[in-house]
Amino acid sequence: MRLEGKVALITGAGSGLGREASQLFASEGAKIAVVDIDPERAKGTVELVEKQGGSAIAVTADVRVEQQVIDAVAATVAAFGKLDIAWANAGIVSRGGVPSVAGGEHVEFQDFTDADWQDVIGVNLSGVFYTAKAAVPELRANGGGVILATSSAASLAAYHSIAAYSATKAGVNGMVRGLSLDLGKYGIRVNAIAPTHGMSPNFLAPAGTPVVGQSYEETAGPWDPSVSPIPLKLNRPPSLKDNARAALFLVSDESAYISGVTLPTTDGGTLSRVAMMFPEDGNNPPPMVTGEE
C-alpha cells in the first residue's frame, strides 16, 4: 500500500475530488480527516471510507477562518496521533462561473463586488495559506511530510468570466513555489495539481445540491472522443479518479524528490495547443471564409 501508516487531512472532502481522493487514499492505507464546511457531506464521505474498510473522521471547518483550520488539524492529531499529508483542496468558483458550463452566467468584470472578490480569495487562497500554516508544526514534528494544493488549469490559461478565480489559482502556484523553498529544509514537500477536465459538477452547483460522484464529462451522456476538444482521444471520459490518482502520486513516497511543482492533470494535451481550431481537429472546425457579406 502506497500510504500505509500515513494520516491525511483533506479539505473540501465532502464532495467531488476530495471525496474521491479520500476513498482512494484510504484504500492505499491512509487514515483520513475529511474536512468540509458541510457536516453532512463530510459524514457521507466518512461512511463511504468506512464501508470500504478504511478509517476516517469528519471535521467541520470553514477554511476562510484560520482558527477553524487550526482546530481541524488539532482534531486530526487528536484522533490519529500525527499528520503526514495536508491537502488544501477546498475551492469555489468566482460569481457567475464559466457562462457556457453547467449553468454559469456572464458577469461583467466591473459588476463584481468586493464581497465576491473576498469570498473567492478567502476560500481559494487564504484557505490554502491557513491549511499549510496549520499543518507545518505537525509535519515538522514528524521530520517531514507533504502539503498539496488544488490549483486549476485556469491558473495557466484563460477561461471566460472567471478572472478572479484564475487569480486565486495563480496565487496558489506562487505559494507552492515559495513554500517548497522555505519548507524543504524540514523535509516538507509542497506541490499542487491543476485539473483541466474530470472534475465534479458540484463545483458549480449551489450549496446543498446532492453530491454527484462523477465528472462533468461522465454526466454529459455517452462519450464520443471524436467530438471532444481534448487532443488525447481515449474510449472513456476523464474522471474524478484520474485527478485523485495524480494527487496520490504527489503525496506518496513515489514522488519523494518532487517539490515546488504544479502538475496539470486530466489535461490530455489541452494546454499544449494553440487556441485556433484547424480542419485536422475534426471537431468544431473553423468557419468557412468566402469573402462574401
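**Close-up views of a predicted model**

Figure 1. The model shown here and in the following views is predicted. At the start of the helix, a side-chain oxygen of aspartate 38 comes to within 2.9 Å of the backbone nitrogen of glutamate 40. After α2 comes glycine 53, which has a positive phi, near 90°.

**Figure 2. The buried residues of α2 and the elements that cover them.** Buried in this helix are Arg41, Ala42, Gly44, Thr45, Val46 and Val49. Their cover includes helix α1 (16-27) together with the strands β2 (31-36) and β3 (55-60).

**Figure 3. Leucine 48, a partly exposed residue of α2.** Leucine 48 lies in α2, which runs over residues 39-51. Its relative accessible area is 28%, and because this falls between the limits of 20% and 50%, leucine 48 counts as partly exposed. With neighbours within four places in sequence left aside, the contacts of leucine 48 are Arg19 and Gln23. Leucine 125 stands 77 residues from leucine 48 in sequence, and the C-alpha atoms of the two are 29 Å apart in space.

**Figure 4. The salt bridge between glutamate 254 and arginine 2.** The structure holds ten salt bridges. In the one formed by glutamate 254 and arginine 2, the closest N and O atoms are 2.8 Å apart. This pair links distant parts of the chain: arginine 2 belongs to the segment before β1 (7-11), glutamate 254 belongs to the loop between α7 (240-251) and β7, and 252 residues separate them. Glutamate 254 is partly exposed, at 49% relative accessibility. Arginine 2 is also partly exposed, with a value of 31%.

**Figure 5. The salt bridge between aspartate 62 and arginine 64, and the network around it.** Aspartate 62 and arginine 64 form a salt bridge in which the closest N and O atoms are 2.8 Å apart. Aspartate 62 has a relative accessible area of 13%; this is under 20%, so aspartate 62 is buried. Arginine 64, in contrast, is partly exposed at 36% relative accessibility. Through salt bridges with shared partners, Asp62, Arg64 and Asp119 are joined into one network.

**Figure 6. The salt bridge between aspartate 242 and arginine 236.** The side chains of these two residues meet at a distance of 2.9 Å, N to O. Arginine 236 has a relative accessibility of 37% and therefore counts as partly exposed. Side chains of opposite charge can pair when their charged atoms come close.

**Figure 7. Threonine 265, a buried residue of strand β7.** Strand β7 covers residues 262-265 and includes threonine 265. The relative accessible area of threonine 265 is 4%; because buried means under 20%, threonine 265 is classed as buried. Its side chain makes a polar contact of 2.6 Å with the side chain of asparagine 243. Not counting residues up to four places away in sequence, threonine 265 touches Ile193, Ala194, Pro195, Thr196 and His197, as well as Asn243 and Ala246.

Technical notes: Residues numbered from 1 in each chain as written. Predicted model: local features only at pLDDT ≥ 70, side-chain atom pairs only at ≥ 80, totals over all residues. Heavy atoms only, no water. Helix = DSSP H or I, 4+ residues; strand = E, 2+ residues; numbered from the N terminus. Buried < 20%, exposed > 50% of the residue type's maximum accessible area, 1.4 Å probe, protein only. Polar contact = N/O pair within 3.5 Å; in protein donor to acceptor, adjacent residues only side chain to side chain. Contact = heavy atoms within 4.5 Å. Salt bridge = Lys/Arg side-chain N within 4 Å of Asp/Glu carboxyl O.
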